[in-house]
Amino acid sequence: MGAEALVKFLAQRLDYLLSKEAENFSGLSGQILQLKSKLDESGCFIQTLDRSKYGNESVRQWIRELRDTIYDVEDLVDQFITGANVSDESEKALLIIRCGSDLESIQVRLTQILDRKPQCDTSASSAGGGHGESSSSLVDPGDQSLALLVSEYMSLPYYLRSCLMYCCVFPVKCGLSKGTLTRIWMAEGIIQAKSGEILEDVAEEYIEKLVSLGLLETELDCRIEFKVPYPLHRFLVDEMMEENFIIACSHSEPIIPATARHVSIHNCWNDAIPNLNDLPIRSLFVVGIRYWEHPKFTFYGLKYLRVLHLEWIRNMVKLPGEVGDLIHLRFLGLKKSRFRELPENVSNLYGLLNCLQLRHLLMSRCDLPIGIGRLKNLQSVKGVYARGSISRELGCLTQLRELGVVLNDYDVGELSTSIMKMSGLLSLTLSVGSIFDDLLDTLEPFSPPPFLRKLQLEGRLVSLPDWLSSTENLTKLRLGFSHLFENPNAVLQFLPNLKQLTLWQAYNAKQIGKEFCPVGGFPKLEVLVIASNNLVEWTEIEKGALPSLKYLHFHCCSRLMILPEGLQYVTTLQKLSLFPLHGDHARRLDPERGIDHYKIKHIPKVRFFE
């Protein structure tokens, strides 16, 4: 996060504290208002500062001093919030006195820094287009493509620059879903609230803007993902590491500076995990650690964490108990890890301030502790078992927008009732304990939430649920291991807004024809993914069918021998994937002598392996 973004973010946070926590901050409100005024002055000055002067060492030193002072303010605020939870009034009074004294010292420092601010020719900056005109001084002049990307990046408002930086905390080859980006941006507080719009929708506008400028690339695969272009990713990581905004650790153990705020650890073995104890880290991203039993690592010293993302952690099954004491945590992501149990004190994460409450809890088939219904600001709960009283407790979380649960046959009635209370639910995943053997209960009788956009059903189905045809706002649907014997598309083709459809071992037919995707059906479908051990032949697509299809993916279709006649008329197709491709089928599609190559020669990108 650049200095401008850091200043404005902290100013917004102080505004929030004054409006929402007037009682706790009543003895400090005057000092906080004075401090905010200084922060506003700092933000206005940095906004006009000619970016080309950042190469001047005296300017860079001035910015470092300002940033360090702002970090001290952030630390002080978080310390106060943590201490304000005490019930003893005398202790709280002493805390206010100490905090007031510290605020006064920081304000003196900030005033001195502003008195020494570097000279700035604002007319030259504004005439040159603000930040963007100086990109040539930041990159190799011979790298024109990177220079253009950096120019676009520097022209962005501070909050979009911050959003793009957060995309770079993950490895360059790691595609990110829209949901992942949205949740992390929200947890970090960098989405600007708009009147009449929810933050998730504002985040979607951000993504669309960054894609339109070429600063985010869209990856069409089994799902739509986003990546920062490689040269820009490398440039931004270097910039962020120089500012100690993020420390990226891979393969070897680096020295983590005492001012590190955000740390990304990926693809390391156990010995490469750095010592993070007692550092002022706000975000920790750990991806792909195979053996994590490091004796010197603990969460006790990371008491100010807002974001904790643990992905592909394979050898830990229980999250350490101290995670439940991270009262500032707003995002807890455990996707694709083997955690099976949350600590009992996780319900402590409801926090002290609405803006700091846990909003996203992403698990991988994990039991929830009693009391989860207290977390009233949760927006996402995914990968959890719905059994016992948890099915009923979920009914207290009426504000949820995403829910993913593993069903228990004995509790489906209560679960159905709970879900129907979630009027704003946008994403729902229902799965069974064993996707290969268990029958998925479809919660009948059930009325799906009216704004549901994404639905995932994992487990055997006798037939499609009756309520599925009423999900008119649905844009993404996955049927996994359904093993249906009747064509599901006879129903699905009429979903008017469906854009992505995944049929993963969902339909047991050996042969499908033009009835599978008829003319007039699937008017907005862009992505179709089919995985089937049974499918041998798709005989025909009628001309005019699938008018919006961009990506067609066959996975685990090892017996597939024939692509449909008429595929050549689906001119919107941009990408075709076949993994694996039968040897005889490969010969039929061969560009030189293949008798079926005409069906796919219009597709810009074709991927397969035999």
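Is Cys-396 buried, partly exposed or exposed? With a relative accessible area of 38%, Cys-396 is partly exposed, where buried means under 20% relative accessible area, exposed means over 50%, and partly exposed lies in between (1.4 Å probe, protein chains only). This is a predicted model, in which local features need pLDDT of at least 70 and side-chain atom pairs count only at pLDDT 80 or more, while totals for chains, interfaces and linings use all residues. Residues are numbered from 1 along each chain as its sequence is written, and side-chain values use heavy atoms, with hydrogens and water left out.

**Confidence**
- The chain has a mean pLDDT (the predictor's confidence in each residue, from 0 to 100) of 81, and 80% of its residues reach 70 or more.
- Residues 122-134 have pLDDT below 50, and beyond near neighbours in sequence this stretch has 20 contacts in the model, a contact being heavy atoms within 4.5 Å.

- Not counting residues up to four places away in sequence, Trp-538 touches residues including Phe-516, Leu-528 and Phe-554.

**Cysteines**
- The count of disulfides, taken as pairs of cysteine sulfur atoms within 2.5 Å, comes to zero.
- Cys-174, at 23% relative accessibility, also counts as partly exposed.
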